[in-house]
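Please keep the structure open as you read.

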Amino acid sequence: MLIEKTLRDYLKEVRSDSPAPGGGSVAAYSSALGASLTNMVMALTESKKAFAELPESDQNTMKDYSKKLVAVCTELEDIVDTDSTAFNDVIKALKMPKETDEEKKIRSEKIQEGYKIALEIPFRCAELGLEAMAMQKIFAQNGNINAITDVGVGCLLLQTGVEGALLNVTINLKSLKDEAFREETRHKVEDMLEASKKYKEETLAIVYKRLAE
């Protein structure tokens, strides 16, 4: 499993001539790092006096988000590996026989099904990254000031992960013939990309403001 490799070995795998792990796996790992950094800030904040002085509602929200970030990261760790196999159904379909009209029809249908499956994993990766980004603002506002840059780095990593995953969704869409599905998914991609940019802008604005205080 890729996620079990050392950082150095994972880097070697990425820079090799093998197409996997590629951008999708790296995007998932980027988001996992971003979520982990955000959770680290919580770990460095919870025991501080400033945290105890926060409204109870903020404390509870941060604790709840911290648990959710662990779940997000766990699923993203899985995607680091499963993204590398997302294209398997397409590869299998491409190898199907195509001698008769019936075989060509079945092969074409399976290829289309394969591309839809192939984009499900990067789409989920983007959803998870966005979920984490939506939780970052309160950590930027209330997190330990000595770890405020870690929220910022986490935000940048998450946005990279989201946009990277959406790039993979987009390239798979190009191979689909189902125009209604393509348009629906394309609109979702656009909305998710804009949301990630908005979250990034809001979180970094808080980070830079606190750095200037």
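## Aromatic rings

Searching the whole structure turns up one aromatic pair. Tyr10 and Tyr29 make up this pair, which is tilted, with 5.6 Å centre to centre and 40 degrees between the planes. (Rings of Phe, Tyr and Trp, the last by its six-membered ring, pair if their centres lie within 6.5 Å; planes under 30 degrees apart are stacked, over 60 edge-to-face, and the rest tilted.) The pair links distant parts of the chain, with Tyr10 in helix 1 (residues 7-14) and Tyr29 in helix 2, 19 residues apart. Helices here are DSSP runs of H or I with at least four residues, numbered from the N terminus.

Tyr10 counts as buried because its relative accessibility is 8%, while Tyr29, at 24%, counts as partly exposed. The cut-offs are under 20% relative accessible area for buried and over 50% for exposed, with partly exposed in between (1.4 Å probe, protein chains only).

## A charge over a ring

Lys116 lies over the face of Phe181, 4.7 Å from the ring centre. Such a charge has NZ of Lys or CZ of Arg within 6 Å of the ring centre and within 35 degrees of the ring normal.

## The nonpolar core

The largest nonpolar core has 49 residues, and Met62, Phe139, Val151 and Leu166 have the most contacts inside it. Such a core joins buried Ala, Val, Leu, Ile, Met, Phe, Trp, Tyr and Cys residues through side-chain atoms within 4.5 Å. Helix 6 gives the most to this core, with 10 residues.

Beyond its neighbours within four places in sequence, Leu166 is in contact (heavy atoms within 4.5 Å) with Ala126, Val189, Met192 and Leu193.

## About the model

This is a predicted model: local features need pLDDT of at least 70, side-chain atom pairs count only at pLDDT 80 or more, and totals for chains, interfaces and linings use all residues. Residues are numbered from 1 along each chain as its sequence is written, and side-chain values use heavy atoms, leaving out hydrogens and water.

Methods
Helix = DSSP H or I, 4+ residues; strand = E, 2+ residues; numbered from the N terminus.
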